[in-house]
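Have a look at the structure first, and then we'll start with the holes.

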Amino acid sequence: MPSNSLVFESRVTTSYSHLSHVLEHAFAHTNQHKAVLVYDTRCVLAQVLSAAYRQCLPDALCIDFDSTAPHEILRILGTLQQGDLAVLVQSTNFRLEAYRLRVELFKQGLKVIEHPHLGRMEGNEIDYYIDALAYDPDYYRIVGRKLKEKIDSAPYGIVDSDGAELVFSGKFESAKLNVGDYSEMKNIGGQFPIGEVFTESVNLEDVHGKVRVFIFGDTTFSINKPATPITLVVEKGQVVDTENSTPEFDQVLANIRADDGVVWVRELGLGMNRAFSKDRTVRDIGTYERMCGIHLSLGSKHGSYAKPHIKRGEGRHHVDVFAVTKSVRFGEEEVYRDGQWIV
(Lines give C-alpha, C1' and ligand atoms only; values in the text may rest on other atoms or scores of the structure.)
Protein backbone atom coordinates (compact mmCIF):
# COMPACT_ATOMS: atom_id res chain seq x y z
CA MET A 1 0.00 0.00 0.00
CA PRO A 2 1.36 3.46 -0.85
CA SER A 3 1.97 5.77 2.07
CA ASN A 4 -0.37 8.63 2.83
CA SER A 5 2.32 11.07 1.73
CA LEU A 6 2.62 9.36 -1.66
CA VAL A 7 -1.16 9.44 -2.11
CA PHE A 8 -1.20 13.12 -1.17
CA GLU A 9 1.57 13.99 -3.62
CA SER A 10 -0.11 12.01 -6.40
CA ARG A 11 -3.35 13.90 -5.80
CA VAL A 12 -1.51 17.23 -5.84
CA THR A 13 0.18 16.31 -9.13
CA THR A 14 -3.12 15.36 -10.78
CA SER A 15 -4.83 18.48 -9.45
CA TYR A 16 -1.98 20.65 -10.69
CA SER A 17 -2.37 19.20 -14.20
CA HIS A 18 -6.12 19.80 -14.29
CA LEU A 19 -6.05 23.26 -12.70
CA SER A 20 -3.28 24.42 -15.03
CA HIS A 21 -5.60 23.68 -17.95
CA VAL A 22 -8.46 25.48 -16.23
CA LEU A 23 -6.35 28.58 -15.64
CA GLU A 24 -5.03 28.57 -19.20
CA HIS A 25 -8.09 27.64 -21.25
CA ALA A 26 -11.03 28.85 -19.16
CA PHE A 27 -9.52 31.91 -17.45
CA ALA A 28 -6.68 32.92 -19.77
CA HIS A 29 -4.77 33.91 -16.63
CA THR A 30 -1.25 35.28 -17.13
CA ASN A 31 1.41 36.80 -14.91
CA GLN A 32 0.29 40.23 -16.09
CA HIS A 33 -2.50 39.99 -13.52
CA LYS A 34 -2.23 39.41 -9.80
CA ALA A 35 -3.62 36.32 -8.09
CA VAL A 36 -4.69 35.77 -4.49
CA LEU A 37 -5.36 32.33 -2.99
CA VAL A 38 -7.51 32.26 0.15
CA TYR A 39 -7.52 28.77 1.64
CA ASP A 40 -7.92 26.69 4.77
CA THR A 41 -6.37 23.37 5.74
CA ARG A 42 -9.24 21.80 7.67
CA CYS A 43 -9.68 18.81 5.32
CA VAL A 44 -7.55 16.70 3.00
CA LEU A 45 -9.09 17.98 -0.24
CA ALA A 46 -8.54 21.62 0.77
CA GLN A 47 -4.90 20.79 1.54
CA VAL A 48 -4.48 19.08 -1.84
CA LEU A 49 -6.03 21.90 -3.86
CA SER A 50 -4.15 24.59 -1.95
CA ALA A 51 -0.85 22.84 -2.68
CA ALA A 52 -1.78 22.45 -6.36
CA TYR A 53 -2.73 26.12 -6.73
CA ARG A 54 0.57 27.16 -5.13
CA GLN A 55 2.32 25.27 -7.93
CA CYS A 56 0.02 26.69 -10.62
CA LEU A 57 0.32 30.25 -9.29
CA PRO A 58 3.84 30.61 -7.87
CA ASP A 59 3.52 34.41 -7.68
CA ALA A 60 0.12 34.38 -5.94
CA LEU A 61 -0.37 35.89 -2.51
CA CYS A 62 -1.54 33.01 -0.32
CA ILE A 63 -3.76 33.73 2.69
CA ASP A 64 -4.58 31.16 5.39
CA PHE A 65 -8.18 31.99 6.24
CA ASP A 66 -7.97 30.60 9.77
CA SER A 67 -4.88 32.58 10.77
CA THR A 68 -5.74 35.93 9.14
CA ALA A 69 -8.18 38.49 10.49
CA PRO A 70 -11.30 38.96 8.32
CA HIS A 71 -10.68 42.69 7.89
CA GLU A 72 -7.16 41.96 6.64
CA ILE A 73 -8.44 39.43 4.09
CA LEU A 74 -10.98 41.96 2.83
CA ARG A 75 -8.31 44.66 2.68
CA ILE A 76 -6.01 42.50 0.58
CA LEU A 77 -8.78 41.40 -1.76
CA GLY A 78 -9.84 45.04 -2.06
CA THR A 79 -6.45 45.93 -3.57
CA LEU A 80 -7.02 43.68 -6.59
CA GLN A 81 -7.85 45.28 -9.93
CA GLN A 82 -10.23 44.26 -12.70
CA GLY A 83 -8.99 41.10 -14.40
CA ASP A 84 -7.04 39.87 -11.39
CA LEU A 85 -7.76 36.38 -10.03
CA ALA A 86 -9.16 35.31 -6.66
CA VAL A 87 -9.19 31.61 -5.75
CA LEU A 88 -11.21 30.43 -2.74
CA VAL A 89 -10.42 26.94 -1.39
CA GLN A 90 -12.90 26.26 1.39
CA SER A 91 -13.61 23.25 3.60
CA THR A 92 -16.97 24.88 4.35
CA ASN A 93 -17.92 28.30 2.99
CA PHE A 94 -15.98 31.43 3.86
CA ARG A 95 -18.05 34.10 5.59
CA LEU A 96 -16.55 37.54 6.10
CA GLU A 97 -18.89 39.80 8.05
CA ALA A 98 -22.09 40.18 5.99
CA TYR A 99 -20.36 39.53 2.68
CA ARG A 100 -21.16 36.84 0.15
CA LEU A 101 -17.56 36.81 -0.90
CA ARG A 102 -17.87 35.61 -4.50
CA VAL A 103 -20.56 38.21 -5.26
CA GLU A 104 -18.44 41.02 -3.84
CA LEU A 105 -15.40 39.87 -5.82
CA PHE A 106 -17.41 39.81 -9.04
CA LYS A 107 -18.47 43.39 -8.34
CA GLN A 108 -14.75 44.29 -8.41
CA GLY A 109 -14.44 42.79 -11.88
CA LEU A 110 -12.27 39.94 -10.65
CA LYS A 111 -12.00 36.46 -12.04
CA VAL A 112 -13.13 34.03 -9.33
CA ILE A 113 -12.63 30.31 -8.80
CA GLU A 114 -14.57 28.99 -5.83
CA HIS A 115 -14.25 25.53 -4.29
CA PRO A 116 -16.75 25.37 -1.39
CA HIS A 117 -17.74 22.55 0.98
CA LEU A 118 -14.60 20.50 0.35
CA GLY A 119 -14.88 18.96 3.81
CA ARG A 120 -17.86 16.92 2.61
CA MET A 121 -15.63 14.88 0.28
CA GLU A 122 -13.81 11.93 1.87
CA GLY A 123 -12.09 8.74 0.72
CA ASN A 124 -12.67 7.93 -2.96
CA GLU A 125 -14.80 11.06 -3.27
CA ILE A 126 -11.62 13.13 -3.09
CA ASP A 127 -10.33 11.44 -6.25
CA TYR A 128 -13.70 11.77 -8.01
CA TYR A 129 -13.65 15.49 -7.23
CA ILE A 130 -10.10 15.88 -8.54
CA ASP A 131 -11.03 13.98 -11.72
CA ALA A 132 -13.97 16.36 -12.15
CA LEU A 133 -11.57 19.31 -12.41
CA ALA A 134 -10.21 18.03 -15.74
CA TYR A 135 -10.99 20.60 -18.43
CA ASP A 136 -11.56 19.50 -22.02
CA PRO A 137 -12.44 22.70 -23.93
CA ASP A 138 -13.58 20.88 -27.06
CA TYR A 139 -16.00 18.65 -25.13
CA TYR A 140 -17.44 21.29 -22.84
CA ARG A 141 -17.65 24.15 -25.31
CA ILE A 142 -18.64 22.32 -28.50
CA VAL A 143 -21.06 19.82 -26.95
CA GLY A 144 -22.37 22.44 -24.52
CA ARG A 145 -23.18 24.90 -27.30
CA LYS A 146 -24.79 22.19 -29.43
CA LEU A 147 -27.02 21.25 -26.49
CA LYS A 148 -27.98 24.89 -26.04
CA GLU A 149 -28.88 25.13 -29.73
CA LYS A 150 -31.08 22.03 -29.50
CA ILE A 151 -32.82 23.31 -26.36
CA ASP A 152 -33.40 26.84 -27.66
CA SER A 153 -35.04 25.60 -30.87
CA ALA A 154 -36.94 22.60 -29.45
CA PRO A 155 -40.76 22.62 -29.58
CA TYR A 156 -40.83 20.10 -26.71
CA GLY A 157 -38.65 17.66 -24.80
CA ILE A 158 -38.93 14.20 -23.24
CA VAL A 159 -36.87 12.54 -20.52
CA ASP A 160 -37.19 8.76 -20.81
CA SER A 161 -36.67 7.62 -17.23
CA ASP A 162 -36.51 3.89 -18.03
CA GLY A 163 -40.11 2.97 -17.37
CA ALA A 164 -41.44 6.51 -16.97
CA GLU A 165 -41.55 9.60 -19.15
CA LEU A 166 -41.39 13.24 -18.12
CA VAL A 167 -42.76 15.44 -20.89
CA PHE A 168 -41.97 19.12 -21.43
CA SER A 169 -44.74 19.85 -23.92
CA GLY A 170 -43.82 23.45 -24.74
CA LYS A 171 -40.85 25.68 -25.47
CA PHE A 172 -37.84 26.08 -23.20
CA GLU A 173 -36.21 29.15 -21.72
CA SER A 174 -32.95 30.16 -23.42
CA ALA A 175 -30.41 27.68 -22.05
CA LYS A 176 -27.49 28.86 -19.93
CA LEU A 177 -24.00 27.40 -20.02
CA ASN A 178 -21.57 26.52 -17.25
CA VAL A 179 -18.80 25.14 -19.44
CA GLY A 180 -15.79 27.35 -18.73
CA ASP A 181 -16.49 29.76 -21.59
CA TYR A 182 -17.01 33.22 -20.12
CA SER A 183 -16.62 35.21 -23.35
CA GLU A 184 -20.26 36.32 -23.39
CA MET A 185 -20.76 36.58 -19.63
CA LYS A 186 -20.56 39.52 -17.27
CA ASN A 187 -18.79 37.49 -14.56
CA ILE A 188 -15.75 35.30 -15.18
CA GLY A 189 -15.70 32.21 -12.99
CA GLY A 190 -17.88 30.61 -10.35
CA GLN A 191 -18.11 27.38 -8.41
CA PHE A 192 -15.97 24.46 -9.50
CA PRO A 193 -16.07 21.72 -10.73
CA ILE A 194 -18.03 22.86 -13.78
CA GLY A 195 -19.98 21.19 -16.60
CA GLU A 196 -23.67 21.94 -17.04
CA VAL A 197 -26.28 23.30 -19.43
CA PHE A 198 -29.58 24.25 -17.86
CA THR A 199 -32.99 25.58 -18.78
CA GLU A 200 -36.62 25.23 -17.72
CA SER A 201 -40.02 25.23 -19.35
CA VAL A 202 -41.24 28.69 -20.42
CA ASN A 203 -44.63 27.71 -19.01
CA LEU A 204 -44.05 25.53 -15.96
CA GLU A 205 -47.50 23.98 -16.37
CA ASP A 206 -46.33 22.35 -19.63
CA VAL A 207 -44.42 19.73 -17.61
CA HIS A 208 -46.20 16.44 -16.90
CA GLY A 209 -45.69 12.70 -16.59
CA LYS A 210 -43.46 10.63 -14.34
CA VAL A 211 -39.74 10.56 -13.57
CA ARG A 212 -37.71 8.12 -11.48
CA VAL A 213 -35.25 9.72 -9.05
CA PHE A 214 -32.19 7.75 -7.87
CA ILE A 215 -30.59 10.53 -5.78
CA PHE A 216 -31.98 13.68 -4.18
CA GLY A 217 -30.60 16.50 -2.10
CA ASP A 218 -31.65 16.12 1.52
CA THR A 219 -32.16 18.72 4.22
CA THR A 220 -28.40 18.84 4.94
CA PHE A 221 -27.51 19.58 1.26
CA SER A 222 -26.05 16.09 0.98
CA ILE A 223 -26.96 13.42 -1.54
CA ASN A 224 -29.44 10.79 -0.42
CA LYS A 225 -29.61 7.55 -2.41
CA PRO A 226 -32.75 5.52 -1.65
CA ALA A 227 -32.62 1.74 -2.04
CA THR A 228 -35.25 1.96 -4.79
CA PRO A 229 -35.65 4.95 -7.13
CA ILE A 230 -38.52 7.24 -6.13
CA THR A 231 -41.07 7.99 -8.84
CA LEU A 232 -42.42 11.54 -9.01
CA VAL A 233 -45.87 12.07 -10.49
CA VAL A 234 -46.04 15.48 -12.16
CA GLU A 235 -49.17 17.30 -13.30
CA LYS A 236 -49.21 20.84 -14.67
CA GLY A 237 -45.64 21.37 -13.55
CA GLN A 238 -46.15 20.27 -9.95
CA VAL A 239 -45.25 17.12 -8.03
CA VAL A 240 -48.65 15.78 -6.96
CA ASP A 241 -47.73 12.26 -5.83
CA THR A 242 -44.85 9.84 -5.35
CA GLU A 243 -44.24 6.11 -5.58
CA ASN A 244 -41.65 4.23 -3.47
CA SER A 245 -40.90 7.35 -1.45
CA THR A 246 -38.88 7.43 1.77
CA PRO A 247 -39.39 9.36 5.02
CA GLU A 248 -36.40 11.55 4.15
CA PHE A 249 -37.83 12.50 0.77
CA ASP A 250 -41.30 13.00 2.23
CA GLN A 251 -39.70 15.52 4.61
CA VAL A 252 -38.10 17.37 1.70
CA LEU A 253 -41.48 17.66 -0.03
CA ALA A 254 -43.19 18.69 3.19
CA ASN A 255 -40.65 21.46 3.73
CA ILE A 256 -41.16 22.78 0.21
CA ARG A 257 -44.94 22.74 0.54
CA ALA A 258 -44.80 24.45 3.93
CA ASP A 259 -42.81 27.38 2.54
CA ASP A 260 -43.67 27.51 -1.17
CA GLY A 261 -47.22 26.16 -1.11
CA VAL A 262 -46.73 23.67 -3.95
CA VAL A 263 -43.79 21.70 -5.38
CA TRP A 264 -42.93 23.13 -8.78
CA VAL A 265 -40.59 21.30 -11.16
CA ARG A 266 -38.34 24.08 -12.43
CA GLU A 267 -34.79 23.55 -13.66
CA LEU A 268 -34.00 20.97 -16.29
CA GLY A 269 -30.26 20.48 -15.83
CA LEU A 270 -28.06 18.68 -18.32
CA GLY A 271 -24.95 17.71 -16.37
CA MET A 272 -21.85 17.19 -18.48
CA ASN A 273 -19.10 16.25 -16.03
CA ARG A 274 -18.08 12.69 -16.86
CA ALA A 275 -16.17 12.25 -13.59
CA PHE A 276 -19.52 11.92 -11.77
CA SER A 277 -22.07 9.24 -12.52
CA LYS A 278 -24.73 7.12 -10.85
CA ASP A 279 -21.93 5.12 -9.22
CA ARG A 280 -19.21 7.78 -8.86
CA THR A 281 -20.85 10.11 -6.36
CA VAL A 282 -19.77 12.80 -3.91
CA ARG A 283 -21.73 13.81 -0.84
CA ASP A 284 -21.98 17.53 -1.57
CA ILE A 285 -25.09 18.15 -3.66
CA GLY A 286 -23.74 21.38 -5.20
CA THR A 287 -20.74 19.47 -6.52
CA TYR A 288 -22.61 16.35 -7.66
CA GLU A 289 -25.02 18.58 -9.60
CA ARG A 290 -22.57 18.47 -12.54
CA MET A 291 -23.06 14.67 -12.86
CA CYS A 292 -23.27 13.53 -16.49
CA GLY A 293 -27.02 13.10 -16.86
CA ILE A 294 -30.28 14.82 -15.98
CA HIS A 295 -31.21 16.63 -12.81
CA LEU A 296 -34.28 18.66 -11.96
CA SER A 297 -34.94 21.26 -9.30
CA LEU A 298 -37.99 21.10 -7.05
CA GLY A 299 -39.38 24.24 -5.42
CA SER A 300 -40.16 27.78 -6.52
CA LYS A 301 -36.65 29.23 -6.22
CA HIS A 302 -34.56 29.86 -9.32
CA GLY A 303 -32.25 32.82 -9.69
CA SER A 304 -31.82 32.62 -13.46
CA TYR A 305 -35.39 32.65 -14.77
CA ALA A 306 -38.29 34.89 -13.83
CA LYS A 307 -41.87 33.65 -13.94
CA PRO A 308 -44.95 35.91 -13.84
CA HIS A 309 -46.56 33.95 -10.98
CA ILE A 310 -43.34 33.59 -8.95
CA LYS A 311 -41.65 36.80 -7.87
CA ARG A 312 -37.85 36.79 -7.90
CA GLY A 313 -36.68 35.94 -4.40
CA GLU A 314 -40.12 34.70 -3.37
CA GLY A 315 -39.45 30.97 -3.41
CA ARG A 316 -37.33 29.48 -0.64
CA HIS A 317 -36.50 26.06 -2.03
CA HIS A 318 -34.36 24.75 -4.89
CA VAL A 319 -33.81 21.03 -4.29
CA ASP A 320 -31.87 19.02 -6.87
CA VAL A 321 -33.08 15.54 -7.79
CA PHE A 322 -31.31 13.22 -10.23
CA ALA A 323 -33.26 11.25 -12.79
CA VAL A 324 -32.76 7.67 -13.88
CA THR A 325 -32.23 8.53 -17.54
CA LYS A 326 -32.35 6.14 -20.47
CA SER A 327 -32.76 8.79 -23.16
CA VAL A 328 -33.37 12.52 -23.68
CA ARG A 329 -35.04 14.04 -26.72
CA PHE A 330 -35.53 17.62 -27.80
CA GLY A 331 -38.19 17.51 -30.45
CA GLU A 332 -37.57 14.39 -32.49
CA GLU A 333 -33.80 14.45 -31.92
CA GLU A 334 -32.21 12.22 -29.31
CA VAL A 335 -29.34 13.93 -27.51
CA TYR A 336 -28.57 11.48 -24.66
CA ARG A 337 -28.30 7.70 -24.53
CA ASP A 338 -26.17 5.12 -22.72
CA GLY A 339 -24.92 7.63 -20.18
CA GLN A 340 -23.51 10.15 -22.64
CA TRP A 341 -24.46 13.17 -24.75
CA ILE A 342 -24.62 12.27 -28.46
CA VAL A 343 -24.99 15.63 -30.23
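On a 1 Å grid over the protein atoms alone, a cavity is a set of points where a 1.4 Å probe fits but cannot get out, while a pocket is an open set with protein on both sides within 12 Å along at least five of seven lines; lining residues have an atom within 4 Å of a point. Grid points are joined across faces, edges and corners, and a volume is the space filled by probe spheres set on the points.

Before the numbers: this is a predicted model, where local features need pLDDT of at least 70 and side-chain atom pairs count only at pLDDT 80 or more, while totals for chains, interfaces and linings use all residues. Residues are numbered from 1 along each chain as its sequence is written, and side-chain values use heavy atoms, with hydrogens and water left out.

**Cavity and pockets**

Searching the whole structure turns up one cavity of 30 Å³ or more. The largest cavity holds about 40 Å³ of space, and its lining is made of Val22, Ala132, Leu133, Ala134, Tyr135, Phe192, Pro193 and Ile194.

For the table, Ala, Val, Leu, Ile, Met, Phe, Trp, Tyr, Cys and Pro count as nonpolar, Asp, Glu, Lys and Arg as charged, and the others, Gly among them, as polar.

| Space | Volume | Lining by class |
|---|---|---|
| Largest pocket | about 2300 Å³ | 15 nonpolar, 17 polar and 18 charged residues |
| Second largest pocket | about 250 Å³ | seven nonpolar, four polar and five charged residues |
| Largest cavity | about 40 Å³ | eight nonpolar, no polar and no charged residues |

The largest pocket, at about 2300 Å³, has 50 lining residues, and those closest to its centre are Arg100, Arg102, Gln191, Glu289 and Lys301. Which element gives the largest share of that lining? Helix 4 does, with five residues. Among the other elements that each supply at least two residues are strand 9 (196-199), helix 7 (247-260) and strand 16 (319-323). Helices (H or I, at least four residues) and strands (E, at least two) are DSSP runs here, numbered from the N terminus.

The second largest pocket has a volume of about 250 Å³. Its lining has 16 residues, and Lys278, Cys292, Thr325, Tyr336 and Gly339 sit closest to its centre.

**Strand 9 and its partners**

Strands pair when DSSP finds at least two bridges between them. Strand 9 runs antiparallel to strand 14, with four bridges joining them, and Glu196 has Gly271 of strand 14 as its bridge partner.

Buried means under 20% relative accessible area, exposed over 50%, and partly exposed in between (1.4 Å probe, protein chains only). In a regular strand the side chains alternate between the two faces of the sheet. Strand 9 is covered on both: Glu196 and Phe198 are buried on one side, and Val197 and Thr199 on the other. Strand 14 is mostly covered too, with seven of its seven residues buried.

Glu200 lies in the loop between strand 9 and strand 10 (207-217), and is buried, with a relative accessible area of 0%. Leaving out residues up to four places away in sequence, Glu200 touches Phe172, Glu173, Arg266, Glu267, Leu268, His302, Tyr305 and Lys307 (contact means heavy atoms within 4.5 Å).

**Helix 3**

Helix 3 (residues 70-78) has Ile73, Leu74, Ile76 and Leu77 as its buried residues. Seen down the helix axis, these fall within an arc of 160 degrees, so they line one face of helix 3; the arc is that of the directions from the helix axis to the C-beta atoms. Their packing partners are strand 1 (35-39), strand 2 (61-64), strand 3 (85-89) and helix 4 (101-107).

Most residues other than glycine have a negative phi, and most peptide bonds are trans. The peptide bond from Phe192 to Pro193 is cis, with omega near 5 degrees, and Pro193 sits in the loop between strand 8 and strand 9. Lys236 has a positive phi, near 50 degrees, and is exposed at 58% relative accessible area. Asn244 has a positive phi as well, near 60 degrees, and is exposed at 51%.
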